[in-house]
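Subject: Handing over a structure

Dear colleague,

I am passing on the structure below, and I would be glad if you kept it open while reading the notes that follow it.

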Amino acid sequence: MSNIPSSPTAAADQVQLQHPTARQALLSHALTGHSHSPGRSYLASESPEGRSYTPIDFDGLSFPSMGARERREDTEVQRAARIQKISVAVRTILECIGEDPDREGLLKTPERYAKALMFFSKGYEESVTHLMNKALFQEDHDEMVIVKNIDVFSLCEHHMVPFTGKIHIGYIPKNGKVVGLSKIARLAEMFSRRLQVQERLTKQVALAMQELLDPLGVAVVMEASHFCMVMRGVQKPGSQTITSSMFGCFRDQAKTREEFLALIRGNSV
Amino acid sequence: MSIPTEPNGAAADNLELAQPVAKVVVAHALTGHSHSLGQSYMKAENPHTRGPSPIDFDGLSFPSIGARERREDTEESRAARIQKISGAVRTILECIGEDPNREGLLKTPERYAKALMFFSKGYEESVTHLMNKALFQEDHDEMVIVKNIDVFSLCEHHMVPFTGKIHIGYIPQNGKVVGLSKIARLAEMFSRRLQVQERLTKQVAIALQELLSPQGVAVVMEASHFCMVMRGVQKPGSQTITSSMFGCFRDNAKTREEFLSLIRRSGI
């Protein structure tokens, strides 16, 4: 995608007109899942791994969904209105499956489910810049840094059933630019608390790390158990799905990649 | 509480009028239903349940309000249910700030509706149909255990899954044994509902008691609740264990101990 100008908005609009539906929609979809054309902020600058736009928006939102900005600017009243709307929908669902929404155990279930679902999708309203909390530091360190065995819990976007597992994230700092370790885990948490597909989750975490730190390389591996496969459908409880995302030196050099994979594999180094 | 033991419906109706509130309390303890029961529930007295028979005249066991309708569903009414749930899910997706028209979410309402109908298929299953006449006579009067049965259920408070293993044991009376897979099917039927772990364990035990009239029934379940792991207090390693003991398992400590040690050992 050759002639994307690097100056923001107006040029971005131009790009949108010159290269309409196909390519842009395809590219944006590959990364965000959005099949409509993205808002202009996505075209603000070109990131080499993103292939046409930055993964972190001007206000810190990362791959936001359509309603993410609204959700962020919610007042108490609006939030209560959302919960109310979801609760009504859940009541309908309970009747449809043949349950009695007025029995004691189910009386407050619509509200509880609504609040649970808002919690499971709170990743939409989190902002990367706010999350980072200025935890970028200078250290004289140019070796691999790995945070592994981070428990992640996400919702499968196809069935809205949980998938849970562990994510292992590693990077090699460039020019001594390191990030606070908990922020890596917070990044994983933020992207997982959404309606996700495991491939996209892995990739988004890697892209965000790449964008924030500009390191020599980023590696993300995730292994998860999908309840849509365990509880229904093919019903295979022992199965695990593994996805990975390698950028920079991890992608280019096999030895570096091997070292990372060996380090996350062992239970104790 | 003078529950009459004759099986006919009229007595049940009389009972309904004579002791309304108390009956509701007993019914609720077992089924979670706080409305008054249909008359079929008052058919016979089961000493372990403090209330009516757990298996209905048509084999439904602790049915929900809509269970009979669900069972008699035609293709169209089932499609109508899926449609209605899908509409509700679409609303939910908009409310959480997602775009229901993006490619990944286009068919999600229908998929979720079908998944939920699968997760609640226990309501429409009938115990008598399940048993498939798999009751046999064997010269066996020792403990029979089926353990490590994976169960997946939905928490009725948050509609989030809870998953774990259930271990079921019984001691036959007069050589009356049941096909082993039927025990697991019983567990599956009661778990595919909106459940509370305590009630699930108890319902499995009561149903087995009712079907076999054995010398004793023991059920132990250990599960991980995702409403506790993914949200709220967020403790991933935690497990909840519930048990139900009837008959000789309740009365004899040694029998109970033997059962518990047999399910504990990972390879005998």
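Predicted model: local features only at pLDDT ≥ 70, side-chain atom pairs only at ≥ 80, totals over all residues.

By residue type, the lining of the largest cavity consists of 14 nonpolar residues, with no polar and no charged ones.

The largest pocket has another make-up. About 370 Å³ of space lies in this pocket, and 21 residues line it, with A:Thr164, A:Phe227, B:Thr163, B:Ser224 and B:Phe226 lying nearest its centre. At least two lining residues come from each of β2 (145-156), β3 (162-172) and α9 (227-230) in chain A, and likewise from each of β2 (144-155), β3 (161-171), β6 (216-225) and α9 (226-229) in chain B. The lining of the largest pocket divides into 8 nonpolar, 8 polar and 5 charged residues.

Turning to the chains themselves, chain A has a secondary structure of 11 helices and 7 strands, and 54% of its 269 residues count as buried. If one takes the contacts in chain A with a separation of 6 or more, 64% of them are accounted for by residues 24 or more positions apart. Chain B likewise has 11 helices and 7 strands, and buried residues make up 54% of its 268 residues. For contacts in chain B between residues at least 6 apart in sequence, the share that joins residues at least 24 apart is 65%.

In chain B, two helices deserve a look together. The helix α5(B) has 12 residues and reaches 16 Å from its first C-alpha to its last, close to the 16 Å expected at 1.5 Å a residue. Its buried residues are B:Thr108, B:Pro109, B:Tyr112, B:Ala113, B:Ala115, B:Leu116, B:Met117 and B:Phe119, and these pack against α4 (76-96) and α5 of chain A as well as α3 (67-71), α4 (75-95) and β2 of chain B. The helix α4(B) has 21 residues, which should span 30 Å at 1.5 Å a residue, and the 31 Å between its end C-alpha atoms agrees with that. Buried in α4(B) are B:Arg81, B:Ile82, B:Ile85, B:Ser86, B:Ala88, B:Val89, B:Ile92, B:Leu93 and B:Cys95, and what covers them includes α4, α5 and β5 (195-196) of chain A together with α3 and α5 of chain B. Just after α4(B), B:Gly97 takes a positive phi of about 95 degrees.

Which residues of α11(A) are buried? They are A:Thr256, A:Phe260 and A:Ile264, and, seen down the axis of α11(A), they fall within an arc of 65 degrees, so they line one face of the helix. The buried residues of α11(A) pack against β2, β3, β6 (217-226), β7 (241-248) and α10 (249-252) of chain A.

Not counting residues up to four places away in sequence, A:Thr256 touches A:Met144, A:Ile172, A:Cys249 and A:Phe250. A:Thr256 and A:Gly217 are 39 residues apart in sequence, while their C-alpha atoms are 9.5 Å apart in space.

In chain B, B:Thr255 is found in helix α11 (residues 253-264), and B:Thr255 is also buried, with a relative accessible area of 14%. Leaving aside neighbours within four places in sequence, B:Thr255 is in contact with B:Met143, B:Ile171, B:Cys248 and B:Phe249.

With best wishes

How values were computed. Residues numbered from 1 in each chain as written. Chains lettered and ligands numbered in written order. Heavy atoms only, no water. Contact = heavy atoms within 4.5 Å. 1 Å grid on protein atoms, 1.4 Å probe; cavity = no way out; pocket = protein on both sides within 12 Å on 5 of 7 lines; lining within 4 Å. Points joined across faces, edges and corners; volume = space filled by probe spheres on them. Helix = DSSP H or I, 4+ residues; strand = E, 2+ residues; numbered from the N terminus. Nonpolar A, V, L, I, M, F, W, Y, C, P; charged D, E, K, R; others polar. Buried < 20%, exposed > 50% of the residue type's maximum accessible area, 1.4 Å probe, protein only. Arc of directions from axis to C-beta. Expected span 1.5 Å × (residues − 1).
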